[in-house]
Structure formats: C-alpha cells, structure tokens
Amino acid sequence: MRALRYRAGWRHLLRHPLQLTLLVLGVALGVAVVVSIDLAVGSARRAFQLSTETVAGRSTHQIVAGPGGIPDTVVRVLRVETGVEAAPVVEGLVESELFPGVPLRVLGIDPLADGAVRDVAAVGSPVDLGALMTRRGAALLLDATAARAGLVVGDRFEVRVAGRLDTLVLVGTVEPADAVERAGLADVAFMDVARAQDLLRRTGLDRIDLRLGDGPEGED
C-alpha cells in the first residue's frame, strides 16, 4: 500500500514538473538560509571573541566590577601597595555615523600605564598624549578604520550613546603589530579612561586588567 502511494506521488510530480522544480528550489532555499544564518552567527561570535582577546592584551587576571563599578582609587592601591601592574578599563558600545548599524567599542584606558598589558603604544601617526588625556572626546582609531571612514587626525565624528548624540575627535591612529590584532581592533576606539567615563556617563571602572608574573605560567 505504501509503495502504491509513493508511485502515485511521483507520478503526480512528474506530470507537474513546475511543482517539482518549485519544491526542490524551496527546500534548497530553506537549507541555504539556515546555513547562512549559522555562518553569520558564528562569524559574529568569532569576531567578538577575537576583539575581546585582543583588547585584553597580555593581562593574566582581571578584577571585574559589580553593578556599582570599581572605585578609581583601587588602581593606585594595587600599584603602590602591592606593586602589581594594573591597567584600569572603562568599556562600552556606541553607535557611530562612520559605519551605520555596526557598533563602535569604546575602550577607556590609562595611556601612561596601559603598556604593561596592551601594545596600544604603537601608533601610525604622532599622538598628543596631553590632548588624548585632557581633550573632551579625544579618541584613537585603528589606522585602517580611520582610512576606511575617510578620517584624518583632527577630524570629528558623531556617536550616539544611549540615544544621546556626542562628538569624538581623532587625535591619532593605532597601528597593530599583526593581522590578528588588526582584525580584533577594527571596531575599537581608544580613549583616556576619564574621557571615556565622561562619554559613557560612568562612575568608577568596569574592570582592572592585571599582569601577575611573566604570563600564564606565572599564575598561582
């Protein structure tokens, strides 16, 4: 009985080739959509992971804030009283007019001490550290990101933070050491930690990156 149903079904499809063609195309299209969504999600996860690993730099440990943030004074205590290499971080996502629909990751750091955990000091253009640390909205972008957006040092661009418009000014560019860092920093804007707090309306720090010993082998 089942064989008769199969033969009847195939006979019907063979008599209606257009329906058979549409059936095959529908199944193929459905599979293609599912595969493309899976690839897009996987690519986005990998990009975020790569960005996170890159901005973490050579840190071996992290102190992560609770809802109230970490007081700025904790960094001084760690450096002075324990001698630990500590780099404060304020982090957040903003919308940028440069690349609509793609969030820009703001990373607030201490330019004078961050070299202990990150190689952000390598720059493609001279950076006025005084301006980076004191000028409102001063930011560094990846050299390729700035070029793609048509920005040069001194240009301003708007960002939207929680529905509020603000302006950043490019004071220098970051030149990564290799292709991995270049991919990881493509969506990152570096700012002085205090300027990032102003932009994101934050009090305290989001985390403190620590470097204990010479690397993972030095961890307890």
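Buried means under 20% relative accessible area, exposed means over 50%, and partly exposed lies in between, using a 1.4 Å probe and protein chains only. Ala162, at 82% relative accessibility, therefore counts as exposed.

This is a predicted model, in which local features need pLDDT of at least 70, side-chain atom pairs count only at pLDDT 80 or more, and totals for chains, interfaces and linings use all residues. Residues are numbered from 1 along each chain as its sequence is written, and side-chain values use heavy atoms, with hydrogens and water left out.

**Positive phi in loops**

Helices (H or I, at least four residues) and strands (E, at least two) are DSSP runs, numbered from the N terminus. Ala162 sits in the loop between strand E5 (156-161) and strand E6 (164-174). Its phi is near 50 degrees, a positive value in a residue other than glycine. Arg201 belongs to the loop between helix H7 (193-200) and E8. Its phi is positive too, at about 60 degrees, and Arg201 is not a glycine. Arg201 counts as exposed, at 53% relative accessibility. Most residues other than glycine have a negative phi.

Ile208 is found in strand E8 (residues 207-211). Its relative accessible area is 0%, so Ile208 is buried. Contact means heavy atoms within 4.5 Å. Not counting residues up to four places away in sequence, Ile208 touches His61, Gln62, Ile63, Ile70, Val74, Val75, Leu78, Ala86 and Ala87.

Glu91 lies in strand E2 (residues 85-96). Glu91 is buried, because its relative accessible area is 18%. Leaving aside neighbours within four places in sequence, its contacts include Val106, Leu107, Leu200, Arg202 and Asp206.

**An exposed leucine**

Leu18 lies in helix H2 (residues 17-56). Leu18 is exposed, because its relative accessible area is 60%.
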